[in-house]
Every structure is written in C-alpha cells, then in structure tokens.
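Dear colleague,

Please find the structure below. My notes on what was found in it follow directly after.

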Amino acid sequence: MSPAPVPARKLRVATTSLAGCFGCHMSFLDIDEHLFELVELIEFDRSPLTDIKDVGPCDIGLIEGGVCNAENVHVLREFRRHCKTLIALGACAVNGGLPAQRNHLPLSECLREVYQFRPGLENGQIPNDPELPLPLDKVRPIHEVVRIDYFLPGCPPSGPAIWKFLTDLIAGRTPRLAGGLLHYD
Amino acid sequence: MTKQFLLDGQPVPFEDGQTILEAARKAGHYIPSLCWHQDFPPHGSCKLCIVKAAGRHVSACATPAKEGWEVESNTPEMNGERRGLLQMLFVEGNHFCPSCEKSGNCELQALGYEYEMLTPRFRHFFPERPVDASHPDMLLDFNRCIFCELCVRASRDVDGKSVFALTGRGIHKHLAVNAESGRLADTDFSKDDLAARICPVGVILPKGRGFAVPIGERTFDTETIRSKTLKEEES
Ligand code: SF4
Ligand code: FES
C-alpha cells in the first residue's frame with residue numbers, strides 16, 4: 001500500500017457515534033502507530049476525541065452507528081450538511097446492526113420491558129423527560145436517511161481496513177477493501 | 001470434434017445436455033451460484049449465475065450450452081448485476097452477520113465479499129420472521145432464508161421426508177415446516193439428514209456448536225468462495 005501523499009493543507013475530519021457502541025471508534029484507534037502519520041494529514045473537528053460539540057465545515061465525516069432516535073437524525077443531517085464526503089463506518093451504520101434487532105418488536109413493548117417490568121424494578125415508568133430524544137419506531141441504517149458516499153462494513157472494521165480506507169481516500173483514490181480486509185462480522 | 005462455446009473469450013468444451021455453469025466449472029472457470037447444487041436439478045431462483053449468452057441474460061445453471069455461443073460472465077456489467085442481486089437478498093431478509101453463527105461459513109456473505117458489496121444500498125424490509133427453536137438438536141432462524149429450496153429438495157428427494165416447503169407469494173413467501181403445528185419438533189427431521197447440512201446461509205443450524213470455531217478462522221475468512229469452488233471442482 002503506497003503511503004498517502006501529504007496534502008497541501010490538513011484535511012478536516014469529524015466523527016460521531018449514533019446508535020453504536022463506540023467499537024468502531026476503538027478500532028479506529030487500533031491503527032496504532034499510523035495515528036502519528038494520520039495527524040500529519042488530518043485534523044479533527046467534532047469528534048469524541050476532541051469534545052467539540054458542533055460539526056463545522058469538514059472534508060470527511062465518519063459516522064458510527066445507525067439511527068435510533070430523533071437526535072441521531074439531527075446529528076446525521078448536520079454531518080451531511082457540513083462534510084464533503086460522508087462515510088458509514090461499521091455494521092450498524094451500514095445496516096442497522098445490533099440495535100436494529102429490536103425492529104420486529106413494537107417500541108412500546110421494548111420500553112415497557114426495560115423500564116417497567118424488569119425484575120428488581122420498583123415503580124418503574126417509561127422516562128418522558130422532554131430533554132430525552134424520542135426513539136424512532138425502527139432503527140435505520142444511515143443511508144436510508146441521508147446520502148452516503150462510502151461504506152466501510154465490519155463489526156467493527158479492523159484497524160488495517162480503516163487505515164487502508166482512509167489512505168485511499170486521502171490520496172484521492174476510490175477506497176477499496178480487497179485481500180481479506182472486507183468483512184461483515 | 002468436441003463442441004465448444006466462448007466464455008469471456010476463452011473456449012470451453014461441453015457435452016450435449018451440459019449447462020453453461022457445469023461446462024465452465026469443469027474447464028476451471030468460475031461462475032458463481034447460490035441455489036444450485038450438483039446433486040439436484042437446477043432451481044434457477046437466485047440468479048447469481050447470470051451470464052449474457054448470445055446477447056441475452058440467462059441463468060448459467062439452467063441453460064444448456066450451445067455450440068459457438070459467446071458468453072459473458074466475468075465482466076463489470078455482469079458482476080455489477082450480481083452485486084445488485086446480492087443487495088436485494090440482503091435487504092429482503094434480516095442478515096446481521098455479527099450475530100450469526102454461520103458468519104464466515106455463509107455462501108451469501110462470501111459472495112458479498114467476492115463481488116465487493118460494501119452496502120445493501122436499498123431500503124431494508126426488516127421482515128418479521130420468528131425463529132423455531134423447538135427441535136432438540138436443530139434451530140431454524142428464518143430471518144436469513146433466501147428461498148433457494150435446497151433444504152426442500154434435499155429433504156424430499158434424498159431424506160425422503162419432505163419436512164420443508166416454500167409457501168406464499170412475493171414478500172409473503174416463506175419457508176414452512178410440514179407439521180400441523182408448524183414446529184420442527186413435530187416432524188421426523190433429524191440432525192443426520194442431508195437437509196440439516198445443506199443450507200448455504202444460516203437458517204438450519206445445529207444446536208450447541210455456535211462459535212466453536214472462532215470468527216476469523218472460518219472457511220471464507222481464509223479462502224475466497226471462488227477458489228474454494230474451483231478447488232472442489234478439481235477434486
Ligand atoms: S432454509 Fe436454507 S436451504 Fe432452505 S430454502 Fe432457506 S436458504 Fe435455502
Ligand atoms: S445458481 Fe443459477 S439461479 Fe441460482
């Protein structure tokens with residue numbers, strides 16, 4: 001794999017986790033010493049790694065997780081508005097993943113099961129604080145909500161897969177996961 | 001003189017009655033398949049074996065080869081159509097590889113890798129398909145059924161039991177179990193049946209095995225479906 005040429009200016013990258021488990025972000029950190037190369041090429045905007053709260057104009061947006069509530073929809077649309085290239089990172093962003101396993105159950109049943117009937121709960125009730133984002137009736141992959149430019153599957157995608165993908169992208173090549181880097185599990 | 005046709009420009013010999021797929025594989029060329037099995041007549045439902053023969057789209061598994069035909073298979077156009085078919089199969093069922101015991105041994109997934117399917121692309125149906133865990137040895141997870149009818153054919157034609165059938169039409173099509181109750185436990189199905197091992201995806205699964213072989217060390221983690229298929233053809 002040829003190293004990415006150093007771009008004229010650093011690319012601005014935003015990342016977020018919607019209905020995900022942060023596993024994809026952990027796997028991102030698994031590129032290990034390549035992180036040193038990466039910080040020469042990119043700088044972070046909004047991301048759990050920077051704690052910037054609002055996404056600004058970016059070259060690349062990485063989205064982990066599917067869309068399970070109204071806030072996810074809002075954040076995803078903000079990312080789409082601000083990122084030139086938007087990437088679905090990992091199984092949940094690509095097809096809903098584990099959170100989408102609730103899709104065949106009525107939402108009210110899920111909520112009642114967890115907040116009212118769970119053994120050991122006394123006077124349980126479904127939270128309804130107006131601050132809480134409303135859950136959607138079904139968990140959706142992100143391409144069903146906004147246009148997505150590239151998809152990087154895997155649960156999570158491996159460090160080498162993420163590195164290959166990003167170096168392709170930074171170098172201006174169409175990212176390609178060949179030679180055993182493509183996995184759905 | 002043996003008869004021959006051209007597959008992507010290469011001559012492939014065949015005998016009368018042989019399909020494009022059989023002749024191609026025998027000559028060491030890969031054409032993908034999912035619902036086809038060498039021990040059964042072709043079913044022609046998955047269309048992964050699609051090729052262009054004399055300018056027309058045909059299923060290579062069900063079309064007898066013809067002298068002098070020019071057949072296109074491994075082209076960007078055909079492979080793109082295969083990717084589209086795979087994407088439709090993925091959104092039509094509930095295919096969540098990370099939580100599937102068959103992951104790494106699944107032919108649908110392996111074909112996704114082979115044709116570099118990165119996204120299911122379409123809107124997901126998220127159909128409701130409850131599992132049947134009634135049988136002591138085997139589990140049925142209908143979420144992953146692609147309606148290839150291999151289990152139907154194996155159970156009927158080899159095991160002599162007719163445990164399975166496809167029923168319903170369109171989006172309501174589903175695999176049914178041949179018992180008044182509809183439960184696998186109420187049939188004479190056995191873990192030693194051919195139908196118990198023939199499913200190309202993760203519907204018919206043995207209980208108690210699960211992740212005995214870890215993810216990452218399974219069949220298609222170490223080998224592509226293309227090379228595995230061609231190797232089996234040689235032996
Ligand atoms: S259960 Fe498996 S073998 Fe049977 S029709 Fe469905 S996918 Fe095919
Ligand atoms: S293998 Fe030919 S249609 Fe399925």
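In this predicted model, chain B and chain A bury about 2100 Å² between them, 58% of it on carbon and sulfur atoms; buried area is the accessible area (1.4 Å probe) that two parts lose on being put together, summed over both. B:Y113, B:L118 and B:F126 supply 32% of the area that chain B buries against chain A, more than any other three residues.

Residues are numbered from 1 along each chain as its sequence is written, and chains are lettered from A in the order in which they are written. Local features need pLDDT of at least 70 and side-chain atom pairs count only at pLDDT 80 or more, while totals for chains, interfaces and linings use all residues; side-chain values use heavy atoms, with hydrogens and water left out.

In the interface, 24 residues of chain B are in contact (heavy atoms within 4.5 Å) with 24 residues of chain A. One salt bridge is counted between the chains, the term meaning a side-chain nitrogen of Lys or Arg within 4 Å of a carboxyl oxygen of Asp or Glu. A:R176 forms a salt bridge with B:E116, with the closest N and O atoms 2.5 Å apart. The side of chain B that touches chain A comprises eleven nonpolar, eight polar and five charged residues; Gly counts as polar in this grouping.

As for chain A itself, its C-alpha trace spans about 60 × 35 × 30 Å along the principal axes. Of its 185 residues, 47% are buried, that is, under 20% relative accessible area with a 1.4 Å probe, protein chains only.

Yours sincerely

Terms used:
Buried means under 20% relative accessible area, exposed over 50%, partly exposed in between (1.4 Å probe, protein chains only).
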